[in-house]
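This report covers aromatic contacts and nonpolar cores. The structure comes first.

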Amino acid sequence: MSGTEAQGAQVKSAVRTVELLEFFAHRPGMHTLAGVQEAVGYPKSSLYMLLRTLTDLGWVETDATGTRYGIGVRALLVGSSYIDSDEVVTAARPVLDRLAEETTETIHLARLDGTDVVYLATRQSQHYLRPFARVGRRLPAHSTSLGKALLAARSDEEVRAMLPPHPARVADNTLTDREALIEELHLVREQGYAVDREENTLGLRCFGIALPYRTPARDAISCSVPAARLTPAHEQRIKTALFDARDRLAHATRAL
């Protein structure tokens, strides 16, 4: 094998490794070799050797039978390192703490990744009835206030290039018509915030605002509240607190 061919093989192996880890990241639980092979399409012998290597290194784990595979603890360590070293997350911590105290509701910081938003930080509600979300969770941007706030920071044509004509339905109220979503994004740009009207989780309303430290914005903050607890007065308090938090974060991240 020539040097160029060897380099090509190494690059192919690296790409397959990343794709395999992303497969496990997007599909929690344990999977058989046949199931993984069907999803990724690699030759079975190559896939088996790659899984063995990743298992030995701690990136992939097997069950007690050694025949089912899932994401390993090394992935958690790398993910935690990403959060710990992110300057925006660091700058946002006191702002998120204050926002959670002011609203008494669940607060999120998320980042746009392709057509999804990924949760970078969460502050839990003080109430017994509260939504649950974990750091690292990935949700479709079009079904969340966080995502809609970030999509609104892009042009209509950019949104059309990002999303299919009929984005996937996540809940009964999810907007599954791209043009209808784009019309809503016009309103988001005018009012400065986005609303998730039980479009991701039944019974849960969310309000999101994009952070302006980068153009186009890639991060946003949101407040989630059960619809049963949302009064007009509480909604206004949440919006006011979100705008104030956005301004404080804009000041805190101005040098980033």
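## Phe23 and Phe24

Phe23 is buried, at 6% relative accessible area (buried means under 20%, exposed over 50%, partly exposed in between; 1.4 Å probe, protein chains only). Phe24 is buried too, at 2%. The model is predicted: local features need pLDDT of at least 70, side-chain atom pairs count only at pLDDT 80 or more, and totals for chains, interfaces and linings use all residues. Residues are numbered from 1 along each chain as its sequence is written, and side-chain values use heavy atoms, without hydrogens and water.

## Aromatic pairs

The whole structure holds two aromatic pairs (ring centres of Phe, Tyr or the six-membered ring of Trp within 6.5 Å; planes under 30 degrees apart are stacked, over 60 edge-to-face, the rest tilted). The ring centres of Phe23 and Phe24 lie 5.2 Å apart with planes at 70 degrees, so this pair is edge-to-face.

Tyr193 and Phe243 are also edge-to-face, because their planes stand at 80 degrees, with centres 6.2 Å apart. This pair links distant parts of the chain, 50 residues apart: Tyr193 sits in the loop between α8 (178–191) and β7 (194–197), Phe243 in helix α9 (residues 232–252) (helices, H or I, of at least four residues and strands, E, of at least two are DSSP runs, numbered from the N terminus). Tyr193 is buried at 13%; Phe243 is partly exposed at 23%.

## Nonpolar cores

The largest nonpolar core has 27 residues (buried Ala, Val, Leu, Ile, Met, Phe, Trp, Tyr and Cys joined through side-chain atoms within 4.5 Å). Leu96, Leu99 and Phe207 are among the members that touch the most others. Helix α5 gives the largest share, seven residues.

Another core lies apart from it, with 21 residues, including Val117 and Leu163.
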